[in-house]
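Please look over the sequence and the model shown here before reading the notes. The notes are grouped by topic.

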Amino acid sequence: MQRSALFALTAAMLACMPAAAFAEETGRGKTLARDVCSNCHDIGDGIDRVMTVGAPSFVWIAQNRKPGEIEAKMIRPGHPDMPEAPLTVADRQHLLAYIVSLAGEAAQQGDP
Ligand code: HEC
């Protein structure tokens, strides 16, 4: 293969990678959200749960908070009943990627 063709191919592959990695992160984040956050938050997965603790939905959070603020909330003590086992850094990245990906969804009823 010609060197220039190889270069073009490599460049094309690299260009595709972030999107694929992002999809994987949001998928994992969604699973985590369902497992650890959905008791209190509407996590934007289309399942209509009854929320009583006054936690804003993840769609609302995505639209009204900056990624840094969201991440800080995942580590800051004082968030009511955050999971006992601390989330790993990777878990937080997955969750953040998932929450941020919801910014384009329609807002939910009952958010602050
Ligand atoms: C036991 C209930 C509960 C669980 C579980 C829970 N939250 Fe919350 N969360 C709340 C409540 C209540 C609030 C609103 C009061 C506050 O901000 O502390 C909140 C607020 C937040 C906010 C800030 C919203 C704002 O106004 O800026 C973020 C971000 C957040 N939660 C993310 C998460 C994530 C991610 C998880 C899962 C890892 C999670 N929460 C699990 C109850 C919960």
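Predicted model: local features only at pLDDT ≥ 70, side-chain atom pairs only at ≥ 80, totals over all residues.

Residues are numbered from 1 along each chain as its sequence is written. The chain has four helices and zero strands; helices (H or I, at least four residues) and strands (E, at least two) are DSSP runs, numbered from the N terminus.

**The chain as a whole**

- Read from the N terminus, the order of elements is α-α-α-α.
- Of the 112 residues in the chain, 21% are buried. A residue is buried if 20 or more other C-beta atoms lie within 10 Å of its own, exposed if 12 or fewer, and partly exposed in between, with C-beta atoms placed from the backbone.
- Among contacts with a separation of 6 or more, 65% join residues 24 or more positions apart. Two residues are in contact if their C-beta atoms, placed from the backbone, lie within 7 Å.

**Helices H3 and H4**

- The axes of H3 (residues 67-75) and H4 (residues 89-101) come within 10 Å and cross at roughly 135 degrees. Axes are lines fitted to C-alpha atoms, for helices over the stretch in contact, and angles run from 0 to 180 degrees between N-to-C directions.
- H3 and H4 are therefore oblique to each other. Angles under 35 degrees count as roughly parallel, over 145 as roughly antiparallel, 65 to 115 as roughly perpendicular and the rest as oblique.
- The crossing of H3 and H4 is right-handed. A crossing is left-handed if the near helix is turned anticlockwise from the far one by less than a right angle, and right-handed if clockwise.
- From H3, Pro-67, Ile-70, Glu-71 and Met-74 meet Arg-92, Leu-95, Leu-96, Ile-99 and Val-100 of H4.
- The contact of H3 with H4 has seven nonpolar, no polar and two charged residues. Here Ala, Val, Leu, Ile, Met, Phe, Trp, Tyr, Cys and Pro count as nonpolar, Asp, Glu, Lys and Arg as charged, and the others, Gly among them, as polar.

**The shell around the ligand**

- The ligand is surrounded by 21 residues, and the closest are Cys-37, Cys-40, Ala-55, Lys-73 and Asp-81. A residue is near a molecule or strand if its C-beta atom, placed from the backbone, lies within 6 Å of it.
- H1 (3-37) and H3 each supply at least two residues of this shell, and H3 gives the most, with four residues.
- By class, the shell divides into 13 nonpolar, four polar and four charged residues.

- Ser-57 lies in the loop between H1 and H2 (58-64). Ser-57 counts as buried because it has 21 C-beta neighbours inside 10 Å.
- Ser-57 and Ile-43 are 14 residues apart along the chain, and their C-alpha atoms are separated by 6.0 Å.
- Glu-25 is in helix H1. With 19 other C-beta atoms within 10 Å, Glu-25 is partly exposed.
- Leaving aside neighbours within four places in sequence, Glu-25 is in contact with Gln-93, His-94 and Ala-97. The C-alpha atoms of Glu-25 and Gln-93 are separated by 7.6 Å, although the two are 68 residues apart along the chain.

**The segment after H4**

- Ala-103 is in the segment after H4 and is partly exposed, with 14 other C-beta atoms within 10 Å.
- Apart from neighbours within four places in sequence, Ala-103 is in contact with Ala-62 and Gln-63.
- Ala-106 is also found in the segment after H4. Ala-106 is exposed, with 8 other C-beta atoms within 10 Å.
- Ala-106 and Val-59 are 47 residues apart in sequence and 7.6 Å apart in space, C-alpha to C-alpha.
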